[in-house]
Structure formats: C-alpha cells, structure tokens
Amino acid sequence: MNAEPVSTGALCRLFAKVLDLDSVRPDTDFYLAGGHSLAALELAVAIEAESGLRVGVVDILECSTPEALAARLRVPARVAAADAPIESAGAVEGRLGHEARWLWLERQRTGLFSDAYSVSCLLDGHGEVDADRFASAVAVAVRRHPALCSTIFEFNGEPRAKVVEPQGFFEVLRGPEHDVEQLAAVAFDPAVGPLLRIRLLLGTEANWQVLIVADHLVCDGRSLEILARDIVDAYGAGTQVHADAPARGAVAAAARVPESARQAALDYWLDRLTPPPPTLPLPVDGPRDEPVGAASALVTRDVPPRPCGAGPGRPPVVVRARTPGSADVRGTAVDRRARTGAEGVVGCLVTTVPVRVQVPAADRPHALMAAVSAAAAEAVDHCDVSFDEIVAAANPPRPPGRTPLFDVWVAVFGPVDAPSADLGGIALHGSSLPVRSAVFELSFQFVRHATGMRLALVHDATRYDRGTVERIADRAVAALVAMADDVEPHGAGGAPALTPALFSGFRMEA
C-alpha cells in the first residue's frame with residue numbers, strides 16, 4: 001500500500017462521516033463534536049484505508065481537529081501502513097479467536113461454570129408484540145450469526161467450534177413478575193449448548209421485556225445490541241421473515257493481521273510491562289485458600305448526575321492503591337470490530353488489555369483523567385495481540401491464585417438500543433446486566449442506563465470484608481464526583497478537552 005498525502009479537506013470529510021454530521025470545519029474538535037474512543041478508532045481505520053498512512057487513536061487524541069491532524073500526517077517520517085492489509089474477521093469454522101480460547105482455558109483451569117462467563121441484558125419492549133411473530137424474528141436473527149449456533153468441544157487439547165441446529169434457546173414466560181437475576185445466572189455448558197437463551201417476559205400487553213443471555217465464548221457485550229437490532233428488524237419484516245435467512249459473520253473472530261503489526265504490538269507491551277509491575281497491594285481480609293469465584297458478592301452504588309454533564313459518559317476511576325509517581329495496572333476489554341472490519345458481526349471480538357497508568361504526582365482528578373486517557377488510547381492502538389500472548393511474552397511473576405499483570409478489572413457496559421424501523425414494529429431499549437460472579441479479586445462494572453450510571457463492584461467474598469468493599473465503592477463514586485467538579489475545559493498545551501465523550505468506549509463491554 002502506497003502512502004498518499006492527506007489534505008485537511010479530506011479529513012473534514014472523514015470526520016463528518018464518522019461523526020454522522022453534514023460537514024465539519026478544519027478547526028472542529030473531534031471529541032467536542034461528539035466523538036469518542038471507538039469513533040476515533042473507526043476514524044483511524046478510515047484514514048488509513050484512504051491514505052495508506054498508519055494512524056493511531058493517540059494521534060486523534062493529541063490532534064483532534066482536521067487541520068491539526070493533517071499537519072501531523074504531513075511529517076516526512078510518518079510511517080506507511082503495512083503492505084499486507086488487515087483481513088476480515090471472518091475465520092474458518094472450527095477455530096476460536098485468541099480471546100475466546102483464553103476464556104475457554106481459564107474456565108478449564110478454574111473449573112467454574114457460572115455467570116462469570118456470560119453476558120446478558122434486560123430490555124424493555126415498546127409497541128404491541130405478538131409472541132409467535134417475535135419467535136420467528138428471533139429464529140431468523142440467531143441463524144444470521146453462526147457463533148450463536150455453535151458448541152465448543154476439545155480436540156487434542158484445543159477448543160474448537162461446531163455449528164449445530166439451534167434449538168431450545170427461546171421461551172415465552174408469562175406472569176407479572178420474573179426472577180431475572182436467577183434466569184441470568186444459570187451457567188452454560190459449552191460442549192452441549194445452546195450457548196444462548198432469549199426469554200420473552202410477558203407481564204401485561206403494555207409491559208413486556210426481553211432477557212438475552214449468552215456464553216462469552218460466542219458473544220460479547222456489543223453483540224447483544226447487534227442481536228437486539230437484528231431481532232427488531234426481522235420482526236418489522238413481518239411476513240417476509242424466513243427461517244432460512246442467510247448466515248453472516250463467523251463462528252469466531254480470529255482476526256488475522258500482518259505479522260509486522262503483531263510484532264509491533266508485542267514490542268510495545270514488552271516495553272510497557274518491563275520491568276513487570278509489582279503486585280497491587282489490595283485490602284484483603286485474609287490469605288486465599290479457595291479459587292477465585294468460589295464465593296462472590298456484589299456491592300452496588302448509583303453514580304449521581306452532575307451539573308457539568310457528568311453521568312453516563314464519565315470515565316470510571318478506581319481509587320488509587322499506590323502513591324503518586326508509581327504505576328498501576330488495571331485490566332479492561334477493547335472492541336476490535338472497527339479494526340478488523342467486523343461491524344455487525346456477533347461473536348467474541350473483544351481483547352483484554354492491561355492498562356498501565358503512571359499515577360500523576362499532582363493529586364488532582366484532572367491529572368489522573370489525562371493519564372488514564374493517554375494510557376487507554378495507546379492500549380487501543382496496540383490491541384493486535386491477545387492477552388495470553390502478552391502474558392507469554394512479558395512472562396511476569398504470577399503469585400499462586402492471582403491473575404497475571406492485574407487483579408482489578410474495569411469495564412463500562414453501555415446501554416442497548418434497538419429502535420423500531422417502522423411504525424408497526426417494536427423497539428427494545430435497556431441495559432446490560434453486570435456479572436455477579438468474581439473472576440478477578442475486584443471487578444468494577446459501570447452500567448450505563450437512560451438516566452445515569454450504576455457501579456456494580458463484584459469481589460471475592462473469601463478475601464474481602466464487606467465493609468471494606470463498601471468503602472471502596474463509596475470512594476470510587478466520590479472520585480467520579482470530584483472529577484466532574486475538577487475537569488478543565490481544555491487540557492494543557494492545546495490538548496483536547498477532557499469531555500465525557502472522550503472516554504466513552506475506551507473500556508468496552510467484556
């Protein structure tokens with residue numbers, strides 16, 4: 001691929017396309033105009049496809065206007081993208097992506113079968129729903145995605161996927177009340193299937209909901225919204241719905257990238273993780289004597305809305321356990337759809353990355369916010385390798401019973417919206433459900449909903465006193481409030497404004 005100059009005008013056009021605006025000016029700030037990290041990744045991929053220049057999310061973070069970005073891309077030393085393009089995420093049937101393989105191996109290692117390895121959402125239904133027509137729409141939507149029609153088996157010690165005829169994944173439950181938590185907590189058996197459960201919860205004609213639960217091996221958080229939209233679209237098609245609708249997507253998303261890009265990502269992580277970070281000192285109640293997840297507990301807190309716009313988009317900040325000037329590592333997940341050309345595909349297309357943040361010497365939320373932003377942007381730019389590959393390359397010390405590199409997981413679960421395509425159809429709107437079983441010692445799950453955000457802090461109940469966890473949750477919420485009060489309108493040195501949209505999407509659904 002030959003690198004071509006990229007003009008300010010061309011960038012204005014690409015900015016407008018990604019931001020879904022009619023036009024933008026050369027001085028339009030990407031983030032102030034509504035952009036976020038996932039949109040920045042989409043923009044970087046679009047610029048690379050048109051110009052042949054390698055563009056990172058960090059470039060857009062630091063040069064957030066078309067004119068500033070054009071100036072950076074005109075630098076003679078700018079590196080062209082690799083000649084071998086990133087291929088589609090469609091994988092040969094039977095293979096699992098690296099992240100799904102890692103999840104499968106972790107499940108075998110721990111021996112746990114719980115909702116820790118599931119993703120789920122509860123959606124409010126809008127419009128008059130016909131149960132039979134809804135069942136037909138669900139059947140069509142599910143068959144479009146082979147990942148949802150697969151089981152996982154072991155062959156020579158490696159997990160493989162097999163597409164089967166989907167059966168028993170849909171049920172209509174009638175009645176005024178349903179125990180949603182209990183329904184969502186039932187674990188899957190990957191070797192048996194189905195690895196998906198959809199329940200139409202009919203209360204009254206005007207009050208109905210849809211519960212979607214899937215095994216993480218075949219579905220990630222973003223997939224829930226894709227599936228919900230496919231169901232709504234199929235329902236709207238009415239008599240045109242056919243059960244033999246063509247399948248799309250792949251059993252797994254083992255995205256293939258140029259070896260040079262993979263090696264560059266590994267080199268980056270080796271540099272970031274050398275020397276290996278010391279074990280994070282966590283306020284545990286006692287020594288570990290059982291596997292993680294053997295006993296889990298949940299503490300929830302509502303994040304209050306703030307006058308300056310804090311709320312669903314504000315970045316979650318975990319209270320620091322180290323002193324200023326040290327480095328903390330947190331784990332999170334990045335959605336790779338835009339990078340692999342897999343928009344609209346259901347599957348496990350996230351990758352886990354360790355985010356290493358240098359704690360600023362200045363004890364101000366704004367400074368920490370900027371450090372988290374930079375570290376997360378770099379992590380997105382170097383997500384071409386899986387977490388198990390990073391661990392294998394870095395080979396960090398791993399105390400018995402602890403996750404390598406990090407013990408604290410941070411994720412944001414966005415709202416799930418599937419609007420109606422026509423007046424006679426239905427719509428689905430709701431939120432992801434937090435995982436209630438512990439895989440890490442502390443899991444900070446921020447669930448965004450229509451009116452704000454809720455923190456669900458899952459912890460290992462054998463290691464943490466509940467009072468300690470409640471204080472951690474209170475401090476996390478207090479940090480968010482303090483951050484909302486402290487945010488400066490513009491960063492130092494002309495950096496982009498640290499708006500809520502800047503962080504929405506860096507920590508994608510797990």
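Q: Where is threonine 65 found?
A: Secondary-structure elements are read as DSSP runs, with helices (H or I) of at least four residues and strands (E) of at least two, numbered from the N terminus. In this predicted model, threonine 65 sits in the loop between helix H3 (57-62) and helix H4 (66-73). Residues are numbered from 1 along each chain as its sequence is written. Because the model is predicted, local features need pLDDT of at least 70 and side-chain atom pairs count only at pLDDT 80 or more, while totals for chains, interfaces and linings use all residues; side-chain values use heavy atoms, with hydrogens and water left out.

Q: Is threonine 65 buried or exposed?
A: A residue is called buried under 20% relative accessible area, exposed over 50%, and partly exposed in between (1.4 Å probe, protein chains only). Threonine 65 has a relative accessible area of 13%, so the residue is buried.

Q: With which residues is threonine 65 in contact, leaving aside its neighbours within four places in sequence?
A: Contact means heavy atoms within 4.5 Å. Under that condition, threonine 65 is in contact with Phe15, Pro26, Asp27, Thr28 and Asp29.

Q: How many salt bridges does the count come to?
A: Side chains of opposite charge can pair when their charged atoms come close. A salt bridge is a side-chain nitrogen of Lys or Arg within 4 Å of a carboxyl oxygen of Asp or Glu. By this rule the count is 13 salt bridges. Salt bridges also link Asp59, Glu62 and Arg72 in a network.

Q: Which side chain meets that of arginine 143 in a salt bridge?
A: The partner is glutamate 165, at 2.4 Å, N to O. This pair links distant parts of the chain, 22 residues apart: arginine 143 belongs to helix H6 (residues 131-143), and glutamate 165 to the loop between strand S3 (158-163) and strand S4 (170-174). Arginine 143 counts as partly exposed because its relative accessibility is 23%; glutamate 165, at 49%, also counts as partly exposed.

Q: Why does the pair of arginine 199 and glutamate 171 tie together parts that are apart in sequence?
A: The two side chains meet in a salt bridge of 3.3 Å, N to O. Arginine 199 lies in strand S5 (residues 196-204) and glutamate 171 in strand S4, so the pair ties together parts 28 residues apart in sequence. Arginine 199 counts as buried at 12% relative accessibility, whereas glutamate 171 counts as partly exposed at 37%.

Q: Where do arginine 262 and glutamate 389 lie?
A: Their side chains meet in a salt bridge (2.3 Å, N to O). Arginine 262 lies in helix H9 (residues 259-272) and glutamate 389 in helix H12 (residues 387-394), so the pair joins parts 127 residues apart in sequence. Both arginine 262 and glutamate 389 are buried.
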